[in-house]
Amino acid sequence: MEQDTQRQLKEYRDSIDNIDAAMVFLLSERFKITHKVGVLKAENTLLPADKSREAQQISRLRKLSKEADLDPEFTEKMLNLIIAEVISNHEKIRDSKKTS
């Protein structure tokens, strides 16, 4: 029984590792695009943060979370972390454009 348990545990962990890798690459793609947004905002003197867009995204992802049977509170925390990083990146882009 122990060997079967270890084999099953390894299979589950391998799947988790694959999903984690996919999430990293998806986040990388997301940040490449948000970088382009940051450049566009800086070039057009738009603010780094867009509270209306953020609220729309939070609402949309909370709904998707419910449909996916995922805790919407967790999803909102995750999105807020991503949004904070995006805003920080947009501020850096804006500041670099000012000094260029």
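Helices here are DSSP runs of H or I with at least four residues, numbered from the N terminus. Just after one of these runs, α1, Thr45 takes a positive phi of about 45°. Keep in mind that this is a predicted model. Two packed helices are described by the angle between their axes and the distance between the axes.

**Helix α1**
- The 42 residues of α1 should span 62 Å at 1.5 Å a residue, and this agrees with its end C-alpha atoms being 61 Å apart.
- Thr34, Gly38, Lys41 and Ala42 of α1 are buried.
- These buried residues of α1 pack against α3.

**Where α1 meets α3**
- Helix α1 (residues 2-43) and helix α3 (residues 72-99) have axes that come within 9 Å and cross at roughly 40°.
- The two helices, α1 and α3, are therefore oblique to each other.
- Their crossing, α1 past α3, is right-handed.
- On the α1 side, the contact residues include Leu27, Phe31 and His35, while Leu79, Ile82 and His90 are among those of α3.
- By class, the contact of α1 with α3 has nine nonpolar, five polar and six charged residues.

**Where α2 meets α3**
- The axes of helix α2 (residues 51-67) and α3 come within 9 Å, crossing at roughly 145°.
- α2 and α3 also make a right-handed crossing.
- Ile58, Leu61 and Arg62 are among the α2 residues that meet α3, where the partners include Pro72, Leu79 and Ile83.
- Six nonpolar, four polar and five charged residues make up the contact of α2 with α3.

Note on methods. Residues are numbered from 1 along each chain as its sequence is written. This is a predicted model: local features need pLDDT of at least 70, side-chain atom pairs count only at pLDDT 80 or more; totals for chains, interfaces and linings use all residues. Side-chain values use heavy atoms; hydrogens and water are left out. Axes are lines fitted to C-alpha atoms, for helices over the stretch in contact, and angles run from 0 to 180 degrees between N-to-C directions. Angles under 35 degrees count as roughly parallel, over 145 as roughly antiparallel, 65 to 115 as roughly perpendicular and the rest as oblique. A crossing is left-handed if the near helix is turned anticlockwise from the far one by less than a right angle, and right-handed if clockwise. Contact means heavy atoms within 4.5 Å. Ala, Val, Leu, Ile, Met, Phe, Trp, Tyr, Cys and Pro count as nonpolar, Asp, Glu, Lys and Arg as charged, and the others, Gly among them, as polar. The expected span of a helix is 1.5 Å times one less than its number of residues. Buried means under 20% relative accessible area, exposed over 50%, partly exposed in between (1.4 Å probe, protein chains only).
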